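This report concerns the domain layout and selected backbone features of a model with several chains. Please consult the sequence and the coordinates alongside the text.

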Amino acid sequence: MLKITKKLSGKSRRLSRRDFIATGLEVGGGALGLCLPSMLQADEANGNGASGKSLIVFWTHGGMSQQDTYDMKPDAPSEYRGMYLPIGTSVPGITVSERFPEQARIMHHLSQVRSVWHRNGIHAPSAHWMQTGYFGPTLARNAAQMPSFGSVVARALGPRVPLMPAYVTVPKSEAFGYQGSVYLGKRFNPFEVGGDPNAETFKVPNLALPDGLTLENVDARKQLLRSFDRLRKDVDQNDVMQGLDTFKSQALEMVTGDHVRRAFDLTGEDDKLRDRYGRHQYGQSALLARRLIQAGTRIVTINTGYWDHHNDIEPGLEEHLPPLDKAIAALVEDLSNQGMLDDVVIYCAGEFGRTPLMNGHAGRDHWSKCFTVMLAGGGIQGGRVVGASEKWGGGVKERPTTPLDIIATIYHQLGIPLGTHFEDKTGRPQSIVGSGKPVRELL
Amino acid sequence: MCNLLLNIRMSFLLATALVLSINVCLCNSLIAEPRVSFTNDIMPILSKSSCDSGGCHGKANGQNGFRLSLFGGDPLDSYRSIVLQAKGRRVFPAAAEKSLLLRKATGATAHGGGRRMSETSESYQTLKLWIEQGLARPSDQDAVLERIQWSPRQVVLAPDAQQKISVRAFYSDGSSRDVTSMALFSMSVDGLAQVTTDGLLRVVSEGGLGSVTIKYGEQTGSMQLLVPYKQSAEQLRELQGILSSLKTGNSNNGVNEALVNQWQRLQIEPAKVCDDPTFIRRASIDICGTLPTASEVLAFVSDSDVNKRERLVDRLLEQPEYASHFAIKWADILQNRGRGYSTSKQRTGTTLFYNWIRDSLLDNKPYDQFVSEILTATGSQEINPPTVWYRSVRTMPNYVESVAQAFLGVRIQCAQCHHHPTAKWSQADYFGLAANFARVGRKGGFADAEVPTGETIYLLDHGEIRHPKTQQVLPPKPLGDPPFELDAFADPRVALAGWMTGSDNEYFADTLVNRLWAHFLGRGIIHPVDDRRDTNPPSNPELLQALSDSFVKNKYDLKQLIRLICGSYAYNLGTQINPSNQKDQQTFSRFYPRRMSAEVLLDAVSLTLEVPTAFPGGPGEFPLGTRAIELPDENVAIAFLDVFGRPARFKACECERIDTPTLAQGLELVNSNQIQSKLSSQTGFTHRLAVNNRSPQENCELIFLTLYGRAGTAAELEVAVAHVSGSDAADESDKIERYRNLIWALLASNEFMFVQ
């Protein structure tokens, strides 16, 4: 039993040059084959028109301070109050941070829930909670256990236009891995853009051709694939072949066709509009999100910025608040101008808020007992404030709201029936909202 | 408003008073009526009407404030909800028909679940009587449902035929009764037959195989249904001829006989035997995870020995690739996981464990010994690598679920919180199995933010597990059998391993042979491979038995089992469909094609293009030329592998490895650097072809033989040659690009990616 493992003497076959054989043999017989089904017909046929609504998320990874942004406490002592002053907004009675002047101007479109809470104060489990609605991973077992709301939306609604990826993250999914599909299947994982849309050289890896490969060659490959990929699909009753064919075609179409590439191409946008969004990652990501949604993507999550401001919160916020503010406001106005605001839910949240009391390092720590999320568009009433925190921040004073309540609100607005269940790996039906109930005050 | 409240309060008081008085006074006057038992009469009604299902009142939060015990697992719990909660307003003994319970059930009061029963139904009358009789509560005196019996056990039905199922319940007091109308029926497969709520089975398909799941109380069972595919008399005669010729003179330990018997029962004509190029590609991939080389294909095809397929399998089983390839499978099942915050520290352990697995397979260590060494492992990973299993498997649910799923083929998860809805497992079974691991101790090791690594595993002096509801200490117990009798010095894990590997264990050998059968044939006889239960019966019990008997008789010899499987008719068939087998997905009447696994596919690309994949790792960790099937854990960052379904190794479930197609796979094939850089290499296959002096025809023939393991057809070669030759005006320097295009197209085709 106590065998000491030695390296195996016989190694597996390493790569070597092949024997060269120049004779062909009449063996095997070619696959008879049906014609490759006309490219994306199948896909187009089941493109669903169930709901025309989509979702754009600003994910404040790390945890944004509620007290320096949406839920100001001007009357609290300075160590609670922070460094910013509140300013009035387009909605009488609602104030926000002076670093949110753009949103203040359009507050009649935006609503806040100031009483969101959950029971964890660590990044990873909290991110899971806010992304999926459920507590799940612990430090000893940090794998995602429930699908993200993005994947649920992708699964329930699919892309609005078949060729587009249903669920996109910009530039990538957040680092904890909780924006994925888990048991819903890899198909519903987000498509990661993989680049900074504000970069001069922005191109999407795996959408942009690898160096040395030209479009003509991709076209040639497409033709050749069509000639050879003739294995009879009916021998595979699990539809893996059919599925692969569909996705190969879709991938080729994304690479060679115009529709998808154009959606990812920001250079077509008017410079003035690009400026309005702001020439930074926040702004250009938001503009990209709008383009993708317009082209038929269902949900775009913008993971831009790291908000974990334990030390010296002021410089941190100075860096992040203005671009976030500009991006959100420009997006809302742009959607509104294009008549799309009622079709797109906009959601801004992170895994938690930050401590009402500043710490000894001029920062704020993790705080999940009461924090604010912002919702707008997609039929959500603007200019409302739901719930309230305690006098100087801290706990929930009015209307405790859970992550599942927020997620249920989003699903409800997107037209996903709240009774929907999906089976997990054990075959157990899992509710998409559990005990969550839409925040009626916003509807 | 006040009046209303007052009224409610009054009626509540009244109801409470009545409950008491009825209990005390009315019993005698109703003695003529049979006493309605909550557990034995009411609970089945709640289940039959789906009231306590997971989508309705059975879910953890109940439905609109009314919660019942899920699937009737806990009668007292449901009783409390109905009788005591909501201020007693759900039942009204003074006027039973006014009870909210009944009014909701019949839809007389608005009910989200709609109308579940009519006023004239037996269910309604029983519920009403129970309320009138005074709401008898579940008691220890109630007869206990011990078993159910149903008939028929197996049925062969023609298309459009019907069959009535009857179910009888037997109780601890010796009584029995017909419970057909209260039993739950469901079909295991869609589209074969329909079963009505009162147990009438009606075939709706042209043929096939399935089973009806029967459930009453916590008892479950299943009935196999066979619907022979329709054939004309002439076709049948022909089929008989084919099948009887298959039956004569085969000596495949009953395996072939079991296959043929099944085809006979269902009147299925199996596909023709596959040709040699197909077989060598299939066997090389399935055994060694490696494509055959062009010369291997040629040599095999020209070999005239009638036993060449057996010889091929023997040869492949002696290749070190066999051990590496299957080590990946076991490293998945045994959760040899590398991911965490501190990979470098984990890699030592995962490598030791992977190498131990691979050595065990290379030495053909008997499977019973292999599993025992893992289960009973103590010491450090350097001395005893299988202790690394205890790194991923470290909590009470991990122990139970990993052991049950990996080695016994049972998914017992549900029984952690409630009686398993479709199997016999109770919480006592779950926690009894857990008790075998209550004394697993750990010390030392390096604890990073995730899971400690390099711990020493030892046996604690004490450790116990309690039943979560009764709080009773549970002795270590094997699954489904009485507890072990152990002295204080005995390691319960040794007893568990002994029980598991005993030749009469009903799960152990079955699970492994089914797992390997699924590996080679694309589907388990029990499917999914680790979901064995009465309600998910094997598609061919005789076949499972034959494989299992042989495996036990051969002392758990894995290679011998693989020889048996690879020598079976099923493994030698082509993929072709014919009218009688086109719908078949369960009798192995043709080979079901499947995509190569992620690691095998990446290796196939690397080997074919003669450009190794560079795996990121520490210095000297994965020298260039390392194959994907040699990677010890899943935490080697190669997007290709993740995109094509490499599992995260979080569960002891092969279901974690998936072949679901995704858009990312399409993009990886079409547009990734992984493939493009290999095509563009200055040393690889593509480059060599482009610069040699052979004719395009010769080069294209080689390409087909190398990638598909067969000769290209005339039509294929014509297209290929035309492309690589280019037009007259074409630039010579584009020639390599044209070879790249051709080879890419073949790599991206299903024929390359599939085992068939």
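## Backbone features and domains

Val182(A) is located in the loop between strand 5 and strand 6 of chain A; helices (H or I, at least four residues) and strands (E, at least two) are DSSP runs, numbered from the N terminus. Although Val182(A) is not a glycine, its phi is positive, at about 45 degrees. Val182(A) counts as buried because 25 C-beta neighbours lie inside 10 Å. A residue is termed buried if 20 or more other C-beta atoms lie within 10 Å of its own, exposed if 12 or fewer, and partly exposed in between, with C-beta atoms placed from the backbone.

The model is predicted: local features need pLDDT of at least 70, side-chain atom pairs count only at pLDDT 80 or more, and totals for chains, interfaces and linings use all residues. Residues are numbered from 1 along each chain as its sequence is written, while chains are lettered from A and ligands numbered from 1 in the order in which they are written.

A positive phi is also found at Ser50(B), which is not a glycine; the value is about 65 degrees. Ser50(B) belongs to the loop between helix 2 (38-48) and helix 3 (75-84) of chain B. With 15 C-beta neighbours inside 10 Å, Ser50(B) counts as partly exposed.

Most residues other than glycine have a negative phi, and most peptide bonds are trans.

| Cis peptide bond | Omega |
|---|---|
| Val170(A) to Pro171(A) | near -15 degrees |
| His527(B) to Pro528(B) | about -5 degrees |

Pro171(A) lies in the loop between strand 5 (167-170) and strand 6 (191-192) of chain A. Pro528(B) is placed in the loop between helix 18 (508-521) and helix 19 (541-553) of chain B.

Arg649(B) occupies the loop between helix 23 (639-643) and helix 24 (663-671) of chain B. Arg649(B) has 24 C-beta neighbours inside 10 Å and therefore counts as buried. Beyond its neighbours within four places in sequence, Arg649(B) is in contact with Asp332(B), Gln335(B), Asn336(B), Arg337(B) and Glu634(B), contact being defined as C-beta atoms, placed from the backbone, within 7 Å. Arg649(B) and Asp332(B) are 317 residues apart along the chain, yet 5.5 Å separates their C-alpha atoms.

Chain B is assigned domain 1 (2-132), domain 2 (145-227), domain 3 (366-501) and domain 4 (682-755); these bounds come from an automatic or database domain assignment. Taken over C-alpha atoms, the centres of domain 2 and domain 4 of chain B are 57 Å apart.

Technical notes. Two residues are in contact if their C-beta atoms, placed from the backbone, lie within 7 Å.
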